[in-house]
Amino acid sequence: MDFMKKMTKRREFSSIIFLFALYAIVGIVNPAFLKLDNIMLCLNGATVYTICAIGMALVIFTGEIDASIGATLGLSAAVAASMIRDGSSSILALLIAICIGLVIGSINGFGVAVLKIPSIIMTIGVNGIVRGISYVYTGGAWVENVPRHFKEVSQMGMFGLSWFYIGTIVIMILIHFYVTKKRHGRYFQAVGDNEDGAIHIGIPVTATKMISFILCAVCASVASVIFVSRIGFVTPTSGNGYEMKAIAACVIGGISLSGGIGNMIGATFGALIMASISRILVFLGLSSNYDNTITGILLITIVVIDAVIQKCNIEKARRERLAAKTAAVVECELEGGNKTCNRN
Amino acid sequence: MQQKLKKNYKKLKFRWEYFLVLLLIVEVVIFGTLNPRFLKPQVLFGSVNDFISICIIATFMCFVFITGGIDLQAGSIVGLTSIIIGVMWKYVGVNIYLACLIAIIIGCLCGALSGFFIGFTGVQPMVVTLGGSFLYSGLAIAVSNISKTAAYLGISGFPEHFTAFTKKRFFGVVPAQFLIFLALVVIAYIILHRTKYGRKVFLCGINQNAAGFTGINTKLIIMSTYIFSGMAASITGIIMTSYLGSSKSDFGGDLTMPIITAVVLGGTSTLGGKGGVVGSALAAIVIGIMRFGLSMNGMPNQYLDIPVGIMLVIVVAGSCISKNQKISALLHHYINIKN
């Protein structure tokens, strides 16, 4: 019972329950959905979203937001795909992609942390610039003909799970422990929870924000290489809208946009929900055109319910405090008669 | 001291809008010298058709920014209203102007729904409008599925008098939608800067709690700003449908970034409490002319995000640096040394 109470208090609890409920309902309508193969496909399909959401979560922890990862993903995917197509080794392509992420993340971080530009505006601007650069790089053409051996990497794995997804989960757990247990990792949430307080106790706020943006862009770059391996081609609009999907995944997973609240596990489940929706629609016999509608309804419902519950909790706590106070006063008056008593 | 500050602030504000006018003139001169065809009144005013949607939405979007919010859903409301006009007219059989009215009402309702959640439950505006942008673009696709025409074809064949309106040119050069835009700017200016309601909007942005304590219904005020922005988006949807002669569900999908750029470039603070209608409208025109001029001088359409993005970052960085006391003190120090 105690364990259950603890679980329900956790932020990601509602999203986990929601995921299971969703799967159960779809399973009742179409039992084929709950086959092991299909669930593994859902998990594998969530790899790119999950990595993006992990990076995004780090930025959102510090109370900022990064709307540029879609373009970062598109540009590094285009560069990595064309390098692999032209015969360079995939490790080199990955390194170059990470370098692109480092540069874009540093620009974002410099603007937000050092110049104090509001993060949404800075990153929307950078998104446009990077998107334009990737058009210049590809010349508006598709990058195709990625060699077969590179595409096959995404098919390899264990028990139907690809190595990529297993690796993602392992890294997610490592980052989760770093962020929740380690001294430097806890800086991220400390900065987002109370920035002035963090400055006063000597946390390097500027550096923390900068690092969060760099890590977010690097995550997008790593995701881009997996994207190339999974999809096999890159269009000029690849990665469009990933920033919004990643933000939505974080929010569905219980991470508060005001910063400091939430954790990586929630983000992972949020990403899984986001990635499963289009597959679920197919199994329900609906057109996957309704993907956006469902995503929108889901996002608004979860966030609004969460806000209402929190409001109720605050109100309840206030009432309890008030009741305790009046009880104390009444007791005091009964006991003390004319004596003065401390009402607190 | 305070009066001095106030004076300085007023001066700065004026200067900002003057600066935008200056920027506009510089742009026209540069593009005019690069390509003399650009200066023809026919071409110059004709270009307004390309970016009128940014102008109209940005003018009303600054209401939302002034209350400290942000609105990412306007683009998808444009598509939704456009497809609703088409379906209403062709498959339900209502009069085209009645369909437009219905579209405006639906645009207002979309804004009201998001505004309700933002105002009354206190969820961050970004999340709700992000969800709204998914929801309304999805609804637009759902509505277009009703129409049984392929989504990429759109619904066309509107009556002549409906499409002719936006192709009309007053005095031979000024397109009708430019006049609509001017009228909307005047209306927005009066609402925001000359009425009690406008003052309440500003106060909500400066300090929502204080506004609440003075007896202002802050929740309703915040909700109303989103209704305005939804209304502007639906008017844009009508104009686009009329001008292009077809209604499609994906109109306006790529408007979000230019709109936010225009509002911010217009001197409206994203933290709320500062800004103006005239600045947003001017900035939207500056961006539109820049995009038009660059593409006229042979820059491919897809590259246009680069200069707009660079402009956005530089302008915001400049205004943030000028606010930063440490850096401005350093600058003053160096200027003094030089003198």
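Predicted model: local features only at pLDDT ≥ 70, side-chain atom pairs only at ≥ 80, totals over all residues.
Is A:A328 buried, exposed or partly exposed, and how many other C-beta atoms lie within 10 Å?

**Entry 1: one residue.** I found 14 other C-beta atoms within 10 Å of A:A328. A residue counts as buried at 20 or more and as exposed at 12 or fewer. A:A328 is therefore partly exposed. I placed A:A328 in helix 15 of chain A. I then took the separation between A:A328 and A:L19, which stand 309 residues apart along the chain. Their C-alpha atoms are separated by 45 Å.

**Entry 2: chain A as a whole.** I listed the secondary structure of chain A and got 15 helices and two strands. Along the principal axes, the C-alpha atoms of chain A fill a box of roughly 95 × 55 × 35 Å. Chain A has 344 residues, and 45% of them count as buried. I also looked at contacts in chain A between residues at least 6 apart in sequence. Of these contacts, 77% join residues at least 24 apart.

**Entry 3: helix 9 of chain A.** I checked the length of this helix, which covers residues 163-181. Its 19 residues should span 27 Å at 1.5 Å a residue, and the end C-alpha atoms are 27 Å apart, so the two values agree. Next I asked which residues of helix 9 of chain A are buried. They are A:F164, A:Y165, A:T168, A:M172 and A:I175. I then looked up what covers the buried residues of helix 9 of chain A. The cover includes helix 3 (36-45), helix 4 (47-61), strand 2 (161-162), helix 12 (205-231) and helix 14 (264-283) of chain A.

**Entry 4: domains of chain A.** The assignment divides chain A into domain 1 (2-286) and domain 2 (292-344). I noted 37 Å between the C-alpha centres of these two domains of chain A. Their contact takes five residues from domain 1 of chain A and six residues from domain 2 of chain A. On the domain 1 side, helix 13 and helix 14 of chain A each supply at least two residues. Helix 13 of chain A gives the most to that side, with three residues. By class, I counted five nonpolar, no polar and no charged residues on the domain 1 side.

**Entry 5: domains of chain B.** For chain B the assignment gives domain 1 (2-299) and domain 2 (305-339). The C-alpha centres of these domains of chain B lie 29 Å apart. I found eight residues from domain 1 of chain B and five residues from domain 2 of chain B in the contact. Helix 12 (256-265) and helix 13 (277-296) of chain B each supply at least two residues of the domain 1 side. That side has six nonpolar, one polar and one charged residues.

**Entry 6: chain A against chain B.** I ended with the contact between the chains, which takes 39 residues from chain A and 38 residues from chain B. On the chain A side, helix 7 (119-138), helix 13 (242-252) and helix 15 (291-336) each supply at least two residues. The largest share of that side, 13 residues, comes from helix 7 of chain A. By class, the side of chain A that touches chain B has 26 nonpolar, 11 polar and two charged residues.

Conventions
Residues numbered from 1 in each chain as written. Chains lettered and ligands numbered in written order. Contact = placed C-beta atoms within 7 Å. Helix = DSSP H or I, 4+ residues; strand = E, 2+ residues; numbered from the N terminus. Nonpolar A, V, L, I, M, F, W, Y, C, P; charged D, E, K, R; others polar. Domains from an automatic or database assignment. Expected span 1.5 Å × (residues − 1).
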